[in-house]
Amino acid sequence: MQPAAPGTEATDAKDTDPNQRPKLLARDRYFDTLRAVALIRVVTYHTFGWAWCGMVFPSMGIMFGLAGTLMAKSLERPAVKVVKSRLRRLLPPFWFWGFFVVLAMLIHDWLPGWQIVYWIVPLGDPPGNAWGEQAWEILWYLRTYLWFVLLSPALLWIFRKAPVPVLLGSLAPILVLNFAWSGPDNRFGSALWDLSTYLFCWILGFAHRDGVLQRMKPALVVVGSLAALGYGGWYAFSHQADFGTYDLDENPLAQAFWSAGFVLLLMWAKAYFKIDFAWLTRFKKLDRTVTVFNARAVTIYLWHEIALILAVPLIDRMWDVPAFEKWLPLDSQWFMFGVGWILIAVFVLLCGWVEDVAGKKKPKLLP
């Protein structure tokens, strides 16, 4: 499992940290930059398959942490309105993308059953055939994000009753699933594993929003983070024989603890040192790139696998052009990586407007 990207609503700098004074900067570029890097890391991982990517930058844990912070902020408004708003932002881009994926699978002999309802509201993994698996296997993230959104009003209420115990206790479900009860072998079981894996990161977003992290002693945070990273890393490397790799995406318990330690440090540093990356605005092109990545995060996430799929036959056709064969590194994965990003840019231009419509904004080619 792997990606990143719903929960990408605008991050208001003055609202992100309740103890931070309002600034002229309209967005929190620290969070925006983390989200952009997470998306780049997702595409990189899906291109090269490097197992170490998740340890260098655990994109999914970071994305769930950022989304949890935004959700806590939004729940200052009535919960029903907030949930409806999140569904409105998420589902139309998913439906638009899903129309093409489902149609392509139907053309390639897919015969769906009643589970096709999950292509309407992905509370469970949407079904598909092997032909389209590379496209639809990324939907676990949307399903997990959707469940977190629906559960957040209750989770936030519980968290505020006892912030630190609830935060620490949020690692308990993944320990139970890993060592005591593995859950049912169905869609509910898959959802339960993913929710448990990233529950700490989501609750950590609440803790950041409510100022809990800022009040924690630095030594306690550093020791706790290193302990979580140490346990997650040890479990990943010591159980390679069980999973065939140390890749965190194949090992939920290692993923949970490594992400917990990594995201805790990032969130705490943000709150404690009041990091905002305001300097980014001095670099216009880089700042613009970060803006586009955040405004089109759902589009990039949904369409990036299709872009990588299409890059293969496109490069195959280039071999028929003598000049391309001579001067271009057509057999290089880095070349495919570059072609993939060109196709992602095309999808952003062609399909990104759906995110504007979903957010009740005027449709634009680029935000």
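Two rings of Phe, Tyr or Trp, the last represented by its six-membered ring, are taken as a pair if their centres lie within 6.5 Å. In the structure examined here, which is a predicted model, 42 aromatic pairs are present. A pair of aromatic rings is described by the distance of the centres and the angle of the planes. For W140 and Y141 the centres are 6.0 Å apart and the planes stand at 90 degrees, so the pair is edge-to-face. Both W140 and Y141 are buried. A stacked arrangement is found for F237 and Y246, with 4.8 Å from centre to centre and 20 degrees between the planes. F237 has a relative accessibility of 42% and therefore counts as partly exposed; Y246, at 23%, also counts as partly exposed.

The largest nonpolar core comprises 105 residues, and the members that touch the most other members are F64, W97, W119, Y141 and W202. The greatest contribution to this core comes from helix 14 (residues 252–273), which supplies 13 residues.

Charged side chains were examined next. Across the whole structure, 10 salt bridges are found. One of them joins the side chains of D125 and R143, with an N to O distance of 2.7 Å. D125 is placed in the loop between helix 5 and helix 6, whereas R143 belongs to helix 7 (residues 140–161), so the pair ties together parts that are 18 residues apart in sequence. With a relative accessibility of 21%, D125 counts as partly exposed. R143 counts as buried because its relative accessibility is 2%, which falls under the 20% limit.

A second salt bridge connects the side chains of R35 and D32 at 3.4 Å, N to O. Both residues are part of helix 2 (residues 29–48), where R35 and D32 are 3 residues apart, about one turn of the helix. R35 and D32 are both buried. The two residues also belong to a network of salt bridges that links R29, D32, R35 and D287. In a further salt bridge, the side chains of D320 and R317 meet at 3.8 Å, N to O. Here D320 and R317 are both exposed.

The surroundings of a further acidic residue, D356, were also examined. D356 is part of helix 19, which spans residues 353–358. Its relative accessibility is 7%, so D356 counts as buried. When residues up to four places away in sequence are left out, the contacts of D356 are R296, K361, K362, P363 and K364.

Methods: Residues are numbered from 1 along each chain as its sequence is written. This is a predicted model: local features need pLDDT of at least 70, side-chain atom pairs count only at pLDDT 80 or more; totals for chains, interfaces and linings use all residues. Side-chain values use heavy atoms; hydrogens and water are left out. Helices (H or I, at least four residues) and strands (E, at least two) are DSSP runs, numbered from the N terminus. Buried means under 20% relative accessible area, exposed over 50%, partly exposed in between (1.4 Å probe, protein chains only). Contact means heavy atoms within 4.5 Å. A nonpolar core is a set of buried Ala, Val, Leu, Ile, Met, Phe, Trp, Tyr and Cys residues joined through side-chain atoms within 4.5 Å. Rings of Phe, Tyr and Trp (its six-membered ring) pair if their centres lie within 6.5 Å; planes under 30 degrees apart count as stacked, over 60 as edge-to-face and the rest as tilted. A salt bridge is a side-chain nitrogen of Lys or Arg within 4 Å of a carboxyl oxygen of Asp or Glu.
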